[in-house]
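Take a moment to look over the model before reading on. We will go through it part by part.

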Amino acid sequence: MISLYIHLPFCRKKCAYCDFASTSKTGDMDAYLRALDREINLYKEEVRDQEIRTIYLGGGTPSVLGQGRLVPLFEKIQESFNLTKDMEWTMEVNPESGKDLDFQALNQLGLNRVSMGIQSGQKNFLDLMGRIHSLEDVDACLEQLAKSSIEEINGDFIFGLPGQDLNHIKKDLDYIQSLALTHLSYYSFIPEEGTPLGEEVLSGLKKLPKDQEDRLMDHYIQDRLAELGYQQYELSNFTKKNPCRHNLAYWQVQDYLGLGLSAHSSYRDQRWANTTCLTSYMEDLALGKKPIAQRENLRKEDRLMEKIILFLRLNSGIPVKDLEKDYGIDFKKVFARAIEKNIQAQSLEEVEGTYRLTSYGQDVANQVELDFYRTF
Ligand code: SF4
């Protein structure tokens, strides 16, 4: 069983904070889809005996392709891969282009989960981020979704933007309360080098909220979402119904195949990544070549470390017995220093045979990860 990720890198306009592999050259969409079709052909026989348990169409903005391009892509995926009956199939949408889609038609082709980039319920922050959608677009997109049988709807939100304080976050949570979302991904803003907003922050032109304010926001978000019935299952993810099975596959270090520009794959003891250059991606595939730019063989210790770091993100914690069985180690002995230090600091706790971050531990998760990492 594997998961499948497909990257669709087109966006109408690049957001001011975005460092994803995305492009506003929407004129290249058809050529890109032809290249993607070739890439699917290169892999479909190799994974024919593997059942696909989750699919995630990410980007970029998959919804910008429109119904006319999405339907053939969905059909191509259906005919090329061995999809499980209870498969989770997610697509990212921007409210501005999502509102024009016929979700019911896509649902009949397998789509059963939508992840919408909403980011904020306040126009001034949407403008600051360079988002092209309006709050009316969010309503219109949700209305379109309500006409379909798709029940799992995620909203992506960002907090900790320049100029934000706790009152702004309270407003966003009021906004979230008014929306019919079953799942929330709530990420802390990270100023990325080379992006307009990131550079303004890194050069000191715009100021981020102070650390203490940022932590207050984070805790407020967790408490308020719990009150609204969203259960946290990962540092930044909350659900009223089901967790995102595709992302869980990443966090639980299960095998996945990534297709499309810059897509990453992880299979058994190997990891590889496609090129991030759109021209190279299309040229390689025109020559019948896989567009892989980087490949890495993983040692057993690398996989173990990856699992520990990712399991720490989950509320279910590190499954000690499973790791001991899979890697033939005495977990408590090997990681004694990291465990003792963080239990003493009250950032880690032992619960029913697992090690989990405490509420304080979630604030300093990077430090806890580093302590485990330093063991090797
Ligand atoms: S919509 Fe998403 S992928 Fe596209 S530019 Fe904005 S943040 Fe980046």
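This is a predicted model: local features need pLDDT of at least 70, side-chain atom pairs count only at pLDDT 80 or more; totals for chains, interfaces and linings use all residues.

Two strands count as paired if DSSP finds at least two bridges between them. Three strands form an open sheet, in the order β13-β15-β14. Their pairing is antiparallel. Which strands stand at the edges? They are β13 (318-319) and β14 (348-351). Each has a single partner strand, so one side of each is left without a neighbour in the sheet.

Now look at one pairing. β13 meets β15, residues 354-357, in the antiparallel sense over two bridges. Here Pro319 stands opposite Thr354 in β15.

Move on to Val364. This residue sits in the loop between α16 (359-363) and α17 (365-373). Buried means under 20% relative accessible area, and exposed means over 50%. Val364 has 24%, so it is partly exposed. Along the chain, Val364 and Ser347 are 17 residues apart. Their C-alpha atoms are separated by 7.5 Å.

Next, step back to the domains. The domain assignment gives domain 1 (2-251) and domain 2 (300-373). Their C-alpha centres lie 29 Å apart. The contact takes 12 residues from domain 1 and 10 residues from domain 2. Between them, the two domains bury about 1,000 Å². Of this area, 48% is on carbon and sulfur atoms. Which residues of domain 1 lose the most area to domain 2? They are His219, Leu235 and Trp251, together 52% of what that side buries.

Conventions: Residues are numbered from 1 along each chain as its sequence is written. Side-chain values use heavy atoms; hydrogens and water are left out. Helices (H or I, at least four residues) and strands (E, at least two) are DSSP runs, numbered from the N terminus. Buried means under 20% relative accessible area, exposed over 50%, partly exposed in between (1.4 Å probe, protein chains only). Domain bounds come from an automatic or database domain assignment. Contact means heavy atoms within 4.5 Å. Buried area is the accessible area (1.4 Å probe) that two parts lose on being put together, summed over both.
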